[in-house]
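The following note concerns the aromatic side chains of the structure shown below.

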Amino acid sequence: MADFETIAKQFVEFYYQAFDSKRENLLPLYREQSMLTFENAPTQGATSIIEKLKVRIHVARTPLVNRKEKTLTFAKSLPFKDVKHQVASVDAQPSSESGGILVLVAGALIVDEEQKPMSYTQAFQLLPDGQGSYFVFNDVFRLVYPAA
Amino acid sequence: MADFENIAKQFVEYYYKAFDSDRASLAALYGQDSMLTFEATPLQGVGNIIQKLQELPFKEVQHQVATLDAQPADAQGSILVVVSGALLVEAEKRPMSYAQTFQLKPRDGSYYVFNDVFRLVYPAA
């Protein structure tokens, strides 16, 4: 019987290796029905997702909090080309009777080498692809800013 | 706003209000098949889950939600929710960042927590 924790760990390793070296290699991991929410921006479909992730990603350093209006605005938006993920933790649980797996990752993102690393969290739901492997159905990515 | 987003927001608000005021009342949000992984400790079933949450080494806690994202998780109305925020615990002077993901499944006209994963997120550098 397939071990969902092993599958999750192997997937995460492959995912970030692909992401950090050649983002186009992520394409086979998504399908037409896949969803990505990247820093609040929703996208659907493998092609659109890879387009969003390819080459340049805009990531804000620190948000400006307007407490009165309860809004966050990003004062500075940095496009970057090189990124390296450092996974701190991977948790997995079975998500459905059809063999889905929920994965929660926490880690650090190093952008263009000389910048300060940022903490992030990413959740995936992996679904069996019917051919012995898995694809990403749900994908949510969030930077986690220091609490204080 | 999409329905699943509304449901997710309402759920998260209710969840943390219950957590921060009366942890035992969270029992209504879980089922016998629910799973919680709390800082790497896996648990199953509402009884074990509530026991774990009540045994956490603090009396007073306050969750402050910074971000909330939701996506449909299947064709039956299940919802994936991803939360990031800060946790203020009585003994600690500084709040801690955390990430939590839930999968909500429909039950009797409402929703319950089927999957729950909680992790503290430490500063990257």
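1. The charged end of Lys105(B) lies over the ring of Phe114(B), at 3.9 Å from the ring centre. A charge sits over a ring if NZ of Lys or CZ of Arg is within 6 Å of the ring centre and within 35 degrees of the ring normal.

2. This is a predicted model, in which local features need pLDDT of at least 70, side-chain atom pairs count only at pLDDT 80 or more, and totals for chains, interfaces and linings use all residues. Residues are numbered from 1 along each chain as its sequence is written, and side-chain values use heavy atoms, with hydrogens and water left out.

3. Over all chains there are 16 aromatic pairs. Rings of Phe, Tyr and Trp (its six-membered ring) pair if their centres lie within 6.5 Å; planes under 30 degrees apart count as stacked, over 60 as edge-to-face and the rest as tilted.

4. Phe11(A) and Phe124(A) make an edge-to-face pair, with 5.0 Å between centres and 80 degrees between planes. Phe11(A) belongs to helix α1 (residues 4-21) of chain A and Phe124(A) to strand β9 (residues 118-128) of chain A, 113 residues apart. Helices (H or I, at least four residues) and strands (E, at least two) are DSSP runs, numbered from the N terminus.

5. Phe11(A) is buried, at 9% relative accessible area, and Phe124(A) is buried at 0%. Buried means under 20% relative accessible area, exposed over 50%, and partly exposed in between (1.4 Å probe, protein chains only).

6. Ring pairs join Phe11(A) and Phe124(A) into a cluster whose members also include Tyr15(A), Phe38(A) and Phe141(A).

Definitions and conventions
Chains are lettered from A and ligands numbered from 1 in the order in which they are written.
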